[in-house]
Amino acid sequence: MPLPLPPGVKTSNLVIFLALETSPVTYAMIANLGDFTGPAQSSTIVDVSKHGDDFRRYVTTLKDTGTIGAPCWFDPSVSTLAGNPDALAELFQSQDLRSWLMAFVDPTNIDPTSGDPTITTAMLSFNAYVSKFSLDAPVAGVWKATT
């Protein structure tokens, strides 16, 4: 049975998917995303100047691919990730490196074989782990996790 579109108050039709451990790889929708930031990439620069140089010389060494931050909107009473309502919390606790996909979906164009909305534009495909999970559960409103 295909997974339903994750519920919540969407700021756009941007959804985060998690790669399932299947062959071929398939992606499961986890949550709707709000405004996201990143990836803020950087690199380490080392001064390699030596005596006798007229100018300083720098070399780029290690690159840091950066982080992506986004609010994830979801309803914990509706099963996501193969029937697991605590999927986002478990992903944070496991600290596993996983494959992710951020993509825009068209909820009006449903795939007849899978029942999932059609991915219209893939934004980012990356390997990452969840390093921050801050839950906001208001009495009146939709649950949100800042990740």
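Biologist: What percentage of the 147 residues in the protein is buried?
Modeller: The model is a predicted one. A residue counts as buried when its relative accessible area is under 20%. Among the 147 residues of the protein, the buried share is 24%.

Biologist: In what order do the elements of the protein run from the N terminus on?
Modeller: The protein has one helix and nine strands. Read from the N terminus, the order of these elements is β-β-β-β-β-α-β-β-β-β.

Biologist: How much space lies in the largest pocket, and which residues are the closest to its centre?
Modeller: The space in the largest pocket comes to about 680 Å³. Its lining is made of 25 residues. Those closest to the centre are T67, I68, F126, A128 and Y129.

Biologist: Which element gives the largest share of the lining of the largest pocket?
Modeller: Strands β6 (98-110) and β7 (117-128) each supply at least two residues of that lining. The largest share is five residues, and the element that gives them is β7.

Biologist: How many residues of the lining of the largest pocket are charged?
Modeller: The lining divides by residue class into 14 nonpolar and nine polar residues, with a further charged group. Asp, Glu, Lys and Arg are the residues that count as charged. In this lining the charged residues number two.

Biologist: How many salt bridges does a search of the whole structure find?
Modeller: Side chains of opposite charge can pair when their charged atoms come close. The cut-off for a salt bridge is a side-chain nitrogen of Lys or Arg within 4 Å of a carboxyl oxygen of Asp or Glu. Over the whole structure, the number of salt bridges found is two.

Biologist: What is the N to O distance in the salt bridge of K50 and D53?
Modeller: K50 counts as exposed because its relative accessibility is 58%. D53, at 29% relative accessibility, counts as partly exposed. Their side chains meet in a salt bridge with an N to O distance of 3.0 Å.

Biologist: Which residues make the nonpolar surface patch of about 180 Å²?
Modeller: A patch takes residues with over 30% relative accessible area and no salt bridge. V59, in strand β4 (residues 58-64), has 31% relative accessibility and therefore counts as partly exposed. The patch of about 180 Å² is made by V46, V48 and V59.

Biologist: How far apart in space are the C-alpha atoms of G66 and A40?
Modeller: G66 is in the loop between β4 and β5 (71-74). With 30% relative accessibility, G66 counts as partly exposed. G66 and A40 are 26 residues apart in sequence, and their C-alpha separation in space is 4.8 Å.

Biologist: What separates the C-alpha atoms of N127 and R98?
Modeller: N127 belongs to strand β7. Because its relative accessible area is 54%, N127 is exposed. N127 and R98 lie 29 residues apart along the chain, with their C-alpha atoms separated by 5.5 Å.

Notes: Residues are numbered from 1 along each chain as its sequence is written. This is a predicted model: local features need pLDDT of at least 70, side-chain atom pairs count only at pLDDT 80 or more; totals for chains, interfaces and linings use all residues. Side-chain values use heavy atoms; hydrogens and water are left out. On a 1 Å grid over the protein atoms alone, a cavity is a set of points where a 1.4 Å probe fits but cannot get out, and a pocket is an open set with protein on both sides within 12 Å along at least five of seven lines; lining residues have an atom within 4 Å of a point. Grid points are joined across faces, edges and corners, and a volume is the space filled by probe spheres set on the points. Helices (H or I, at least four residues) and strands (E, at least two) are DSSP runs, numbered from the N terminus. Patches are made of residues with over 30% relative accessible area and no salt bridge: like charges are joined within 9 Å, nonpolar side chains (Val, Leu, Ile, Met, Phe, Trp, Tyr) within 5 Å. Accessible areas come from the Shrake-Rupley method with a 1.4 Å probe; for residues, only the protein chains shown count as cover. Buried means under 20% relative accessible area, exposed over 50%, partly exposed in between (1.4 Å probe, protein chains only).
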